[in-house]
Amino acid sequence: MPSAAAKEAVLAATEVWGNPSSVHSHGQRAASLLKESRAKVARALGLQRFSKDMLMFTSCGTESNNIAMLGCARSKNRTLSGQGYLGTVIITAGEHPSVDNPAALLEKEGYCVIRIPTLGGEIDLAALEKALTDAPAPVIFAAFMLVNNETGAIYDVKRASAMVKGKFPDATVHCDAVQGFMKLRFTPASLGVDTLTVSAHKIHAPRGAAALFISAETIKRKNIVPVMPGGGQESGFRSGTENLISIAAFAAACEDGMAHFDERSSRVDELRAYLDAQLKEKCPEIRYNRPKNCIPNICSIILPSIKSETMLNYLSGRGVYVSAGSACSAYSKKKSGALEAFGTTTADADSTLRISLSHMNSSEDIDALVEGLREGIASLQRKR
Ligand code: PLP
């Protein structure tokens, strides 16, 4: 849900109707709002010298991930290795489809894609080491998500990135940090990555804006090229008139989120502890997809022999909104790749619900959810 700060920024930005690329005074007003917004998002990402690095605005996290992956793969004239590949791309198993599907596209274009297992919510570092040793062509790109969107698992991106760079110093390492932004404290440098994605609608801003960080070194080495040529906005890397209203709201949400980071994190910790205690007491038949190291705002539960969609609709009828796996996979009839990679059985994945908490939730919201689950389990199981 958009925060008050984000809504206010939307209203204010509707008055700035010029095009940031226009040279007249309305355009320049828009250009300065764009610049201010970029500085705010950069601050939230801890970027000190971001005039050399690039922080590009895009329309969504999916677009940022695609630009990083396809832009990197197409940045050089690559020749086939002895084993017939243009290069090797490493990602983790269970990445969001906005990373997994571009990887599948690169596979069709002649790259070898290796998916590193993440059983139990951890990057299998031994498998990564083996992939780096056995890669049939030089590793040109690797992507490690910071937090898994379905299980909440926090991955050791820093370690994985260091391993890739230790063997392939020219490889571009990307992090999809969409689910970790404003939940964990990090910077691209602290994770040791070259490119990084964040998205507005995951931090209480409206949909329609996201950012892609690209390090100065990546640009200097010409390790990325634009994938959407056009009028040359965003330093030529992402053409198209900027969605200033969403961008300004994104920036306001970043500023607001940073100002209240600790208190909001503590609030979510409290809510999660309350949720766990209530579930244990009132719904003891519920099990968890629980990684060892996970963020508190994502809680993945397994219902006792009830399809997730059935419970989701039941809860929705009571004004309680949860999702079956990730909302982004609602179009897919396939079993969730993230749960499969985590090690959840097909039957359990069919009965998995993802509960998302935010500082805006109250303990009454959790009571309504737990009561809904308790009554839902009793009545839906009776009907089976
Ligand atoms: N990456 C992760 C981990 C996500 O959870 C999502 C969306 O839920 C995305 C990428 C895609 O972001 P967007 O919805 O802004 O395209």
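Select K292 to begin: at 73% relative accessibility it counts as exposed, where exposed means over 50% relative accessible area, buried means under 20%, and partly exposed lies in between, computed with a 1.4 Å probe on protein chains only. This is a predicted model, in which local features need pLDDT of at least 70 and side-chain atom pairs count only at pLDDT 80 or more, while totals for chains, interfaces and linings use all residues. Residues are numbered from 1 along each chain as its sequence is written, and side-chain values use heavy atoms, with hydrogens and water left out.

K292 lies in the loop between β8 (287–288) and β9 (298–302), and E122 in the loop between β3 (112–116) and α5 (125–134), so the pair ties together parts that are 170 residues apart in sequence. E122, at 43% relative accessibility, counts as partly exposed. The helices (H or I, at least four residues) and strands (E, at least two) named on this tour are DSSP runs, numbered from the N terminus.

From R287, widen the view to the open sheet of three strands, which has the order β8-β9-β10 with antiparallel pairing; two strands pair if DSSP finds at least two bridges between them. β8 and β10 (352–356) stand at the edges, each with a single partner strand, so one side of each is left without a neighbour in the sheet. Helix α10 (residues 261–282) packs on this sheet and touches β8, β9 and β10, and its direction makes about 15 degrees with that of β9. Contact here means heavy atoms within 4.5 Å, and axes are lines fitted to C-alpha atoms, for helices over the stretch in contact, with angles running from 0 to 180 degrees between N-to-C directions. To look at the strand pairing itself, select Y288, which stands opposite I301 in β9.

For the next stop, select α2 and α9, which pack at an angle of about 35 degrees with their axes 8 Å apart. The contact includes A30, L33 and K40 of α2 and L244, F250 and E255 of α9. Its residues divide into 12 nonpolar, one polar and three charged, where Ala, Val, Leu, Ile, Met, Phe, Trp, Tyr, Cys and Pro count as nonpolar, Asp, Glu, Lys and Arg as charged, and the others, Gly among them, as polar.

The side chains of E255 and K40 meet in a salt bridge at 3.5 Å, N to O; E255 sits in helix α9 (residues 244–259) and K40 in helix α2 (residues 25–44), 215 residues apart. E255 is partly exposed, with a relative accessible area of 42%, and K40 is also partly exposed, at 22%.

Finally, select D170, E217, K220 and R221, which are linked in a network of salt bridges. The count of salt bridges comes to 22.

Conventions: A salt bridge is a side-chain nitrogen of Lys or Arg within 4 Å of a carboxyl oxygen of Asp or Glu.
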